[in-house]
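Visitor: I am new to this structure. Please show me how to read it, one feature at a time.

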Amino acid sequence: MATVELRFSALPEHVRTARLVAAAVARRAGVDEAVLDEVRLAVGEACSRAVGLHRSVGLESPVRVALIEDEKAFSIEVGDDASAASGRVPGARDTETPARAEAADADSDMGLAVISGLVDDVEVTADERGGLIRMSWPTTTAAVLP
């Protein structure tokens, strides 16, 4: 299993770089060419969401991206530290600052809806470290294997 890890400052201009790297690694891993645009778009949405969450709570820690290649699938994990820093999970309602929480939740929910429409195998979790979006696509070698 090969893994490429990226960490970048939570700035919107770095999202493009993450998309380009993800597409290049996905191509090398054997993801079908017809699916590469979906990979780029999904990574862009997940990274933009993480950047927005970091900026909304004033975090300077980097956004984490792991590109994982195994023999049957190519996976991408995009992690943020926002839920750990704010003490809340995006999507949960904040009663102390409802307007700000509602705006952040709306952006987060919209990004997750786009990702869910692009990726068949997606999982969104949060723990004490922060939020994590896991996405995966089959590789062409997986389609050939019995």
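Guide: Start with a definition: a contact means heavy atoms within 4.5 Å. Ser-75 touches Ala-66, Leu-67, Ile-68, Met-135 and Ser-136, not counting residues up to four places away in sequence. This is a predicted model: local features need pLDDT of at least 70, side-chain atom pairs count only at pLDDT 80 or more, and totals for chains, interfaces and linings use all residues. Residues are numbered from 1 along each chain as its sequence is written, and side-chain values use heavy atoms, with hydrogens and water left out.

Visitor: Where is Ser-75 found?

Guide: Ser-75 sits in strand β3. Strands (E, at least two residues) and helices (H or I, at least four) are DSSP runs, numbered from the N terminus. Ser-75 and Pro-138 are 63 residues apart in sequence, yet 8.7 Å apart in space, C-alpha to C-alpha.

Visitor: How many helices and strands are there in the protein?

Guide: The protein has 5 helices and 5 strands. Along the sequence they follow the pattern β-α-α-β-β-α-α-β-β-α. Take the contacts with a separation of 6 or more: residues 24 or more positions apart account for 65% of them.

Visitor: What percentage of the residues is buried?

Guide: Buried means under 20% relative accessible area, exposed means over 50%, and partly exposed lies in between (1.4 Å probe, protein chains only). Of the 146 residues, 40% are buried.

Visitor: Which residues touch the most other members of the largest nonpolar core?

Guide: First the general idea. In soluble globular proteins, nonpolar side chains tend to be buried together. A nonpolar core is a set of buried Ala, Val, Leu, Ile, Met, Phe, Trp, Tyr and Cys residues joined through side-chain atoms within 4.5 Å. Here the largest core has 30 residues, and Phe-74, Ile-76, Val-78 and Met-135 touch the most other members. The elements giving two or more residues to this core are α1 (15-29), α2 (36-56), β2, β3, α4 (98-118) and β5. Helix α2 gives the most, with 8 residues.

Visitor: What is Met-135 in contact with?

Guide: Leave aside its neighbours within four places in sequence. Among the contacts of Met-135 are Ala-42, Val-43 and Ala-46, along with Phe-74, Ser-75, Ile-76 and Val-78. Met-135 also meets Ile-115 and Val-119.

Visitor: How many salt bridges does the count come to?

Guide: Side chains of opposite charge can pair when their charged atoms come close. A salt bridge is a side-chain nitrogen of Lys or Arg within 4 Å of a carboxyl oxygen of Asp or Glu. By this rule there are 7. One of them joins Asp-81 to Arg-64, with the closest N and O atoms 2.4 Å apart. Asp-81 lies in the loop between β3 (73-80) and α3 (82-86) and Arg-64 in strand β2 (residues 63-69), so the pair ties together parts 17 residues apart in sequence.

Visitor: Are Asp-81 and Arg-64 buried or exposed?

Guide: Asp-81 counts as buried at 17% relative accessibility. Arg-64 is buried too, at 12%.
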